[in-house]
Amino acid sequence: MPRPAGRFAPSPTGPLHAGSLVAALASWLDARALNGRWLVRIEDVDMPRCVAGADTLILAQLAACGLHPDEPVMWQSQRSLAYSSALQQLQQRGMAFACACSRRDIEAAWQVSGQLRTRHGELVYPGTCRHGLNGKEPRAQRLRCTTDEGSDVLIDWTDRRLGPQTQNVTQAIGDFVLQRADGLWAYQLAVVVDDAAQGITHVVRGEDIADNTARQIHLQRQLGLPTPQYLHTPLVLAADGQKLSKQNGASAFDSSDPLAALRMAGAVLGIEAHGGTVADWLASAVQSWAAVFVPPLVPSLPAVSGAADQSAGDVDAGGMSGLAKPLP
Ligand SMILES: [Zn+2]
């Protein structure tokens with residue numbers, strides 16, 4: 001059984017705000033409660049959106065809160081070879097294909113069929129280029145989201161906080177992008193390749209990303225990679241009820257008072273912790289997290305049925321459902 005490992009994977013588009021600290025703290029607490037490694041990965045794959053110096057600032061904010069990675073930080077901008085090799089593997093298996101469609105082409109294809117299918121403002125891909133480009137120039141690389149028999153890809157998974165989840169990736173998303181028309185690697189491919197490379201067994205991240213999980217599991221299966229367990233944390237809402245995000249101008253949390261920032265993040269997670277110093281508070285919070293989210297080990301059970309047994313590699317078969325209490 002691999003040693004448990006979790007990670008925090010921020011995009012360096014600005015400093016951490018109160019919402020991103022919740023995800024950072026939760027992933028750290030989970031790794032500590034599982035006696036595992038905690039890693040930090042800077043997701044700077046979408047380079048035009050990155051802000052110079054934001055990565056350094058984020059690492060300093062984490063350090064101020066006592067959240068120190070156990071291994072050197074990984075930068076996605078240095079991982080092109082690994083992504084390229086994963087894409088090749090998918091192409092060789094006939095799972096990745098070149099796509100010549102612009103957004104307008106995709107809209108037009110849906111209009112022909114008398115409908116326009118979108119999800120969260122994104123167009124569902126209708127599969128236009130699956131069987132060739134008709135002489136057009138390739139733009140992006142996409143992952144085929146059908147089974148080998150041509151039926152829909154149905155993904156069931158169990159979130160440790162949200163419970164059982166299901167998605168028909170073919171109908172809800174369609175063949176999604178692996179490499180963009182501008183040559184940049186897509187988030188889904190980078191995350192899946194890097195989680196496997198870093199040996200991540202437990203992904204803990206914000207609930208706004210939960211919708212990506214089915215796509216990532218489909219991709220893991222196509223690449224022959226293990227599926228981690230997933231836990232999505234509650235979001236911090238701004239005064240207007242919108243999700244707190246860098247995009248809507250959320251400001252950096254005050255790292256000059258890390259204990260106050262941690263207490264606020266802990267309250268969002270439903271963690272009761274005590275301590276007058278960062279180190280004491282964190283130690284107390286680990287106990288609280290473990291009580292809610294980490295099922296006690298039952299020594300008499302054979303290892304194969306253990307909930308934390310990553311070698312099972314299958315969240316559907318995992319024993320986490322029903323063991324983790326949902327947060328209030
Ligand atoms: Zn296309």
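Modeller: As a general idea, strands of a sheet pair through backbone hydrogen bonds, either parallel or antiparallel. In this predicted model, β1 pairs with strand β2, residues 37-42, in the parallel sense over 4 bridges, and within that pairing Gly 6 stands opposite Trp 38 of β2.

Biologist: In what order do the strands of this open sheet lie, and which are the edge strands?

Modeller: The open sheet has 3 strands in the order β1-β2-β3, with parallel pairing. The edge strands, each of which pairs on one side only, are β1 (5-8) and β3 (74-75).

Biologist: Which strands does helix α1 lie across?

Modeller: Helix α1, made of residues 18-33, lies across β1 and β2, and runs at about 165 degrees to β1.

Biologist: How should I read the packing of two helices?

Modeller: Two packed helices are described by the angle between their axes and the distance between the axes. Here the axes of α1 and helix α8 (residues 258-269) come within 9 Å and cross at roughly 75 degrees; since angles of 65 to 115 degrees count as roughly perpendicular, α1 and α8 are therefore roughly perpendicular to each other.

Biologist: Which residues make the contact, and how do they divide into nonpolar, polar and charged?

Modeller: On the α1 side the residues are Ala 18, Leu 21, Val 22, Leu 25 and Ala 26, while those contributed by α8 include Ala 261, Leu 262, Met 264 and Gly 266. The residues of this contact between α1 and α8 divide into 11 nonpolar and 1 polar, with no charged.

Biologist: How many helices and strands does the protein have?

Modeller: The secondary structure of the protein comes to 9 helices and 12 strands, and buried residues make up 44% of its 328 residues.

How values were computed: Residues are numbered from 1 along each chain as its sequence is written. This is a predicted model: local features need pLDDT of at least 70, side-chain atom pairs count only at pLDDT 80 or more; totals for chains, interfaces and linings use all residues. Two strands pair if DSSP finds at least two bridges between them. Helices (H or I, at least four residues) and strands (E, at least two) are DSSP runs, numbered from the N terminus. Two residues are in contact if their C-beta atoms, placed from the backbone, lie within 7 Å. Axes are lines fitted to C-alpha atoms, for helices over the stretch in contact, and angles run from 0 to 180 degrees between N-to-C directions. A residue is buried if 20 or more other C-beta atoms lie within 10 Å of its own, exposed if 12 or fewer, and partly exposed in between; C-beta atoms are placed from the backbone. Angles under 35 degrees count as roughly parallel, over 145 as roughly antiparallel, 65 to 115 as roughly perpendicular and the rest as oblique. Ala, Val, Leu, Ile, Met, Phe, Trp, Tyr, Cys and Pro count as nonpolar, Asp, Glu, Lys and Arg as charged, and the others, Gly among them, as polar.
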